[in-house]
Amino acid sequence: MTSRSSELFAAAQERIPGGVNSPVRAFRHVGAQPFFVERARGAKIWDVDGNEYIDYIGSWGPAILGHTPKVIVDAVREAAARGLSFGIPNPLEVEMANLICAWMPSIEKVRMVNSGTEATMACVRLARGFTGRDKIIKFDGCYHGHVDALLVRSGSGALTHGRPDSAGVPQAFVDLTISLPFNDADVVRKCFAQNKGQIAAIIVEPVPANAGLYFANHDFLLTLREECTKNGALLIFDEVVTGFRAARGGAQEIYGVKPDLTALGKIIGGGLPVGAFGGRSEVMDQLSPDGPVYQAGTLSGNPLAMTAGLAQLHELERIDGWKLLERLGAHFEKLTRDAIAQAQIDITFHRIGSMFCLFFASGPIVDLADAQRSNLETFSKFFRGCLKRGVYFAPSQFETGFISTAHTREDIERTGAVMRESLSVL
Ligand SMILES: *Cc1c(COP(=O)(O)O)cnc(C)c1O
């Protein structure tokens, strides 16, 4: 069978490694080939062959208002007419900085970058510069972008493709990264005791969303805060996924834990390439030109990107998006649980607001080792079954699903029916 998508994929593979510009898009571990997108609007996405899908990826998080929201498209159009990039300060950067600091009170100063990877990379360098120490603690299954030092027992695409560590990362870098099991507070205490005066920072996804989706014990996050403070290390929250999604103030608002630094991305760009990192003034003031830690970016604070991000965040607030997403999420959860109950196979469903995951495994699932008990074969069949019926979930067991404010009750009802059908023929 040839389709426009399969022709394009063949051509892409000639010129782009794996045919994709980010590995998880390759669909390789679900026994399928990616479709090529023609356009997207609201909760729907259409491929170049005219197939329609209800989309639960939302560009991997950014599309919290759904695709092509009029408020963002109009604002970007207007901004584009005034200039695409200036490379000198513009007022939108100040507006964005004020908004971030207002919504996330742990952030007193903030720098804009162009991706989540850049944000976490800068946080790690800054923490090392501030503390004068080299070692970093991360957690198995947490993904922080493709930063050298953080691609150790990582999640997301690295995990999907069975290589949670990357070739090309010098052993000397990896030696400075300590990866610990998630949700084990004792191991963290022991690690600090064994590395006295050497740990610069802990970096953590407060809601791990890159090895499926599971949750921190509140005590675990409190222990991280306590141990960092006691040992003079910085606590970095990677809220690239959860920032402005889990709640207006991110996961740190929900858990009431205050990090020293926060990495942001995805939603903050409204679909354009944006990241940000910020935190305590005392730490942020170590950045160049005030301090000795170098960090820069030709396109950072780009006027189109700031415009898109601001339009998205203001619209979310205007429509009280978080309340709406919780309502839609609860409806989605009910229908999913009904479908699972009928299927009578081991599936563990997790949800927080508009983020969800169906693990094809029995519960409880509280860390990477648990997530890896999932039956990937059954997941793949489920994925293909849903896709065939017009529902597009992430092509990996180790990703999180996203609902947008543009998903209608009908979209969700239809999805419920598709899940029931797809599960019944597994
Ligand atoms: C997506 C993601 C990143 C990386 O962001 P990019 O924009 O893809 O570089 C970092 N951390 C988390 C938690 C993410 O989900």
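Tutor: Let's talk through cysteines, aromatic pairs and one threonine.
Tutor: This is a predicted model, so local features need pLDDT of at least 70, side-chain atom pairs count only at pLDDT 80 or more, and totals for chains, interfaces and linings use all residues. Residues are numbered from 1 along each chain as its sequence is written, and side-chain values use heavy atoms, leaving out hydrogens and water.

Student: Is C386 buried or exposed?
Tutor: Buried, because its relative accessibility is 0%; buried means under 20% relative accessible area, exposed over 50%, partly exposed in between (1.4 Å probe, protein chains only).

Student: New topic: how are the rings of F356 and F393 arranged?
Tutor: Their centres are 6.0 Å apart and their planes at 80 degrees, so it's an edge-to-face pair. Rings of Phe, Tyr and Trp (its six-membered ring) pair with centres within 6.5 Å; planes under 30 degrees apart are stacked, over 60 edge-to-face, the rest tilted.

Student: And how buried is F356?
Tutor: F356 counts as buried at 3% relative accessibility, and F393 is buried too, at 7%.

Student: What does T177 touch?
Tutor: Leaving out residues up to four places away in sequence, T177 touches I136, K138, A149 and V152, with contact meaning heavy atoms within 4.5 Å.
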